[in-house]
Amino acid sequence: GPSATLIVAPTSLLTQWHDELIRSSQPDTLKVVVWHGQNRLDLESMVEPREGPNGKSQGVDVVITSYGTLLSEYTKTLGENKPSSPVFESKFPTPVC
């Protein structure tokens with residue numbers, strides 16, 4: 001299953017979280033994505049660990065999103081026959097709020 005850490009933060013701090021994580025890690029060792037806005041990428045495919053052609057993991061290590069994005073995703077799932085959101089289907093072993 002997924003091995004990414006989910007960080008939920010205020011919208012105003014999303015970029016700061018991203019920048020601090022990149023700054024505090026060794027170059028090219030941490031894959032961080034901000035999952036926010038209208039054009040959110042396919043979260044499920046991003047967090048699923050998979051081996052790339054060079055033997056390195058191709059999944060992301062950290063997903064950063066906002067409380068508003070979670071609320072938006074949650075409201076999409078309300079009601080009968082509504083699709084589930086990947087943010088709720090993915091099992092993040094380490095959520096940070």
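Is Glu73 buried or exposed? Keep that one in mind for a moment, and let me say what we're looking at.

This is a predicted model, where local features need pLDDT of at least 70, side-chain atom pairs count only at pLDDT 80 or more, and totals for chains, interfaces and linings use all residues. Residues are numbered from 1 along each chain as its sequence is written, and side-chain values use heavy atoms, with hydrogens and water left out.

Okay, the overall layout. The protein chain has four helices and four strands, and along the sequence they run β-α-β-α-β-α-α-β. Helices here are DSSP runs of H or I with at least four residues, strands are runs of E with at least two, and both are numbered from the N terminus. Take contacts between residues at least 6 apart in sequence: 71% of them join residues at least 24 apart. Contact, by the way, means heavy atoms within 4.5 Å.

Back to the opening question. Glu73 counts as buried because its relative accessibility is 6%. The cut-offs are under 20% relative accessible area for buried, over 50% for exposed, and partly exposed in between, with a 1.4 Å probe and protein chains only. On that scale, 30% of the 97 residues are buried.

So who sits around Glu73? Setting aside neighbours within four places in sequence, Glu73 is in contact with Trp35, Arg40, Ser85, Pro86, Val87 and Phe88. Glu73 also forms a salt bridge with Lys76, with the closest N and O atoms 3.1 Å apart. For a salt bridge we want a side-chain nitrogen of Lys or Arg within 4 Å of a carboxyl oxygen of Asp or Glu. Both partners lie in helix α3, three residues apart, about one turn of the helix. Lys76, for its part, is partly exposed, because its relative accessible area is 44%.

How many salt bridges are there by this rule? Two. The other one joins the side chains of Arg23 and Glu20, at 2.5 Å from N to O. These two are three residues apart in helix α1, so about one helical turn separates them. Arg23 is exposed at 59% relative accessible area, while Glu20 is partly exposed at 35%.

Now the inside. A nonpolar core means buried Ala, Val, Leu, Ile, Met, Phe, Trp, Tyr and Cys residues joined through side-chain atoms within 4.5 Å. The largest one has 13 residues, and Leu43, Val47, Val60, Val63 and Phe92 have the most contacts inside it. Strand β1 (5-9) and helix α2 (43-47) each supply at least two residues of this core, and α2 gives the most, with three. There's a second, separate core of six residues, including Ile7, Leu14, Val32 and Ile64. Val60 touches Ala4, Lys31, Val33, Met46 and Val47, not counting residues up to four places away in sequence.

Last stop, the surface. The chain exposes about 6,300 Å², and carbon and sulfur atoms supply 53% of that; areas come from the Shrake-Rupley method with a 1.4 Å probe, and for residues only the protein chains shown count as cover. Leu71, which lies in helix α3 (residues 67-76), is exposed at 54% relative accessibility.
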